[in-house]
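Visitor: I would like to learn how to read salt bridges in a model. Could you take me through them with the structure in view?

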Amino acid sequence: MKKVEAIVKPFKLDDVREALAEIGIAGMTVTEVKGFGRQKGHTELYRGAEYMVDFLPKMKVELVVDDDTVERVIEAITNTARTGKIGDGKIFVTNVERAIRIRTGEENSDAL
């Protein structure tokens, strides 16, 4: 099993969710996060004063999938979240040793 974490622009979240649903992904966790990479924030004007906004709003989508599904998940997220501009986000894939559904006690693939 693999855990896929994708950091995407907030306005792309619904498109990403729909693309994942189309390939059969039913469950995911979504968190509002802030951060920056090469984008390095931007300046804004507030009450006549200019100030630097270092951390930009993003959405973090987390899901655990079987090994044979991970490439389709990456492709769906990449194709949907890409705008071609800086700040499109990142995808991280890590190994998951064990998953347990609390309600039933099912484990690993059965728990997904």
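Guide: Let's start with Arg98, which is exposed at a relative accessible area of 53%. Buried means under 20% relative accessible area, exposed over 50%, and partly exposed in between (1.4 Å probe, protein chains only). This is a predicted model, where local features need pLDDT of at least 70 and side-chain atom pairs count only at pLDDT 80 or more, while totals for chains, interfaces and linings use all residues. Residues are numbered from 1 along each chain as its sequence is written, and side-chain values use heavy atoms, leaving out hydrogens and water.

Visitor: Which residue forms a salt bridge with Arg98?

Guide: Side chains of opposite charge can pair when their charged atoms come close. The rule asks for a side-chain nitrogen of Lys or Arg within 4 Å of a carboxyl oxygen of Asp or Glu. Here the partner of Arg98 is Glu107, with the closest N and O atoms 2.9 Å apart. Glu107 is partly exposed, at 34% relative accessibility.

Visitor: How many salt bridges does the rule give?

Guide: The count is five. Among them, Glu106 meets Arg101 at 2.4 Å, N to O; Glu106 is partly exposed at 30%, and Arg101 is partly exposed at 25%.

Visitor: And Asp88 with Lys9: are these residues buried or exposed?

Guide: Asp88 counts as buried at 17% relative accessibility, and Lys9 is buried at 13%. Their closest N and O atoms are 3.8 Å apart. The pair links distant parts of the chain, 79 residues apart: Asp88 lies in the loop between α2 (70-81) and β6 (89-95), Lys9 in the loop between β1 (2-8) and α1 (13-22). Helices (H or I, at least four residues) and strands (E, at least two) are DSSP runs, numbered from the N terminus.
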